[in-house]
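Please open the structure in a viewer and keep the selection panel at hand.

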Amino acid sequence: MPKLHIQYFAILREQRGATEESLATVASTPRAVYEELRARYRFSLPADRIRAAVNDEFVAADAPLRDGDRIVFIPPVAGG
Amino acid sequence: MPFRISSDPIDPVASQQTLRNARAGACVTFEGWVRDLNDGEAVQSLEYEAYAPLAEKEGERILAEAQSKFPIEAASGVHRVGHLRLNEVAIWVGVTAQHRAAAFEACRYIIDEAKARLPVWKKEHYATGATTWINCATRGEHTEKTR
């Protein structure tokens, strides 16, 4: 099974109770990975309010994932 | 053109010095400060968190867009992270240009895009002891406050 590295920030970090983790999964897109994690950790935000980044670059929710990718899920931003 | 995420306090005077150049006849800067009220709720402090590698990359893309849209000489920005008290500087943007119109417009463009696009999050701490992650409330929870 492909292994991914997940990094959490802000509300997701608090709801997960961790800043990062490794995940072995058959989910093949960021959206599918998020849905899997949301079901497991009861994240409050639905997938359509989350953006994804892979290896420090924004990607589409249905972008293909590769073994070893680093994923960050991005809740609605509030800088400035 | 650099855009940085900083855990150290922002020094507007030092930041502005880095933009000095002989061609510039105008310098416009913007500082976003921590204020004491949001949506009628007394705010005591703010916590900022950033996905720094992507925030800096996206910030530099915004600066490059400003450079291509407006006739400016230079632009830079800094966003603070960590726990900020009232009146601390959360974000600083500076632009130089030959003439003021371009400097004003580019500075406005950069701060508007930065607020909308940087992967940076803000948690408000209220006088009541409650906290909330801004923009992250979900349906059925008007404010998503936790004690």
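How many residues does helix 3 of chain B have, and how far does this helix reach from its first C-alpha to its last? Helix 3 of chain B has 18 residues and reaches 26 Å, close to the 26 Å expected at 1.5 Å a residue, where the expected span is 1.5 Å times one less than the number of residues. Helices (H or I, at least four residues) and strands (E, at least two) are DSSP runs, numbered from the N terminus.

This is a predicted model, in which local features need pLDDT of at least 70 and side-chain atom pairs count only at pLDDT 80 or more, whereas totals for chains, interfaces and linings use all residues. Residues are numbered from 1 along each chain as its sequence is written, and chains are lettered from A and ligands numbered from 1 in the order in which they are written.

**Stop 1: helix 3 of chain B**

Select residues 100-117 of chain B, which form helix 3. Its buried residues are Ala102(B), Ala103(B), Ala106(B), Cys107(B), Tyr109(B), Ile110(B), Ile111(B) and Ala114(B). A residue is buried if 20 or more other C-beta atoms lie within 10 Å of its own, exposed if 12 or fewer, and partly exposed in between, with C-beta atoms placed from the backbone. Next, display strand 2 (26-33), helix 2 (52-69), strand 5 (72-80) and strand 7 of chain B, against which these buried residues pack.

**Stop 2: the largest nonpolar core**

A nonpolar core is a set of buried Ala, Val, Leu, Ile, Met, Phe, Trp, Tyr and Cys residues joined through C-beta atoms within 7 Å. The largest one has 55 residues, and those with the most contacts inside it are Ala66(B), Ile72(B), Val95(B), Ala106(B) and Ile110(B). Helix 3 of chain B supplies the largest share of this core, eight residues.

Select Val95(B), which lies in strand 7 (residues 89-97) of chain B. Val95(B) is buried, with 32 other C-beta atoms within 10 Å. Which residues does Val95(B) touch, not counting those up to four places away in sequence? They are Val28(B), Ile72(B), Ala75(B), Ala103(B), Ala106(B), Cys107(B) and Ile110(B); two residues are in contact if their C-beta atoms, placed from the backbone, lie within 7 Å.

Move to Ala66(B). With residues up to four places away in sequence not counted, Ala66(B) touches Ile72(B), Ala75(B), Ala106(B), Tyr109(B) and Ile110(B).

**Stop 3: chain B as a whole**

Colour chain B by secondary structure to see three helices and nine strands. Of its 147 residues, 35% count as buried. The C-alpha atoms of chain B fill a box of roughly 55 × 30 × 25 Å, taken along the principal axes. Residues 24 or more positions apart account for 71% of the contacts in chain B with a separation of 6 or more.

**Stop 4: chain A as a whole**

Now select chain A, which has two helices and five strands in the order β-α-β-α-β-β-β along the sequence. The C-alpha trace spans about 35 × 25 × 20 Å along its principal axes. Of the 80 residues of chain A, 26% count as buried.

**Stop 5: helix 2 of chain A**

Select residues 30-41 of chain A: the twelve residues of this helix should span 16 Å at 1.5 Å a residue, and the end C-alpha atoms are 16 Å apart, which agrees. Which residues of helix 2 of chain A are buried? They are Pro30(A), Val33(A), Tyr34(A) and Leu37(A). These residues cover an arc of only 100° around the axis, so they lie on the same side of helix 2 of chain A; the arc is that of the directions from the helix axis to the C-beta atoms. They pack against strand 1 (3-7), strand 3 (51-54), strand 4 (57-59) and strand 5 of chain A. Helix 2 of chain A is followed by Arg42(A), whose phi is positive, near 55°.

In strand 4 of chain A, select Val59(A). With 17 C-beta neighbours inside 10 Å, Val59(A) counts as partly exposed. Leaving aside neighbours within four places in sequence, Val59(A) is in contact with Pro30(A), Ala52(A), Ala53(A) and Val54(A).

**Stop 6: where the chains meet**

Finally, show both chains: 15 residues of chain A are in contact with 22 residues of chain B. Helix 1 (10-16) and strand 5 (70-74) of chain A each supply at least two residues of the side that touches chain B.
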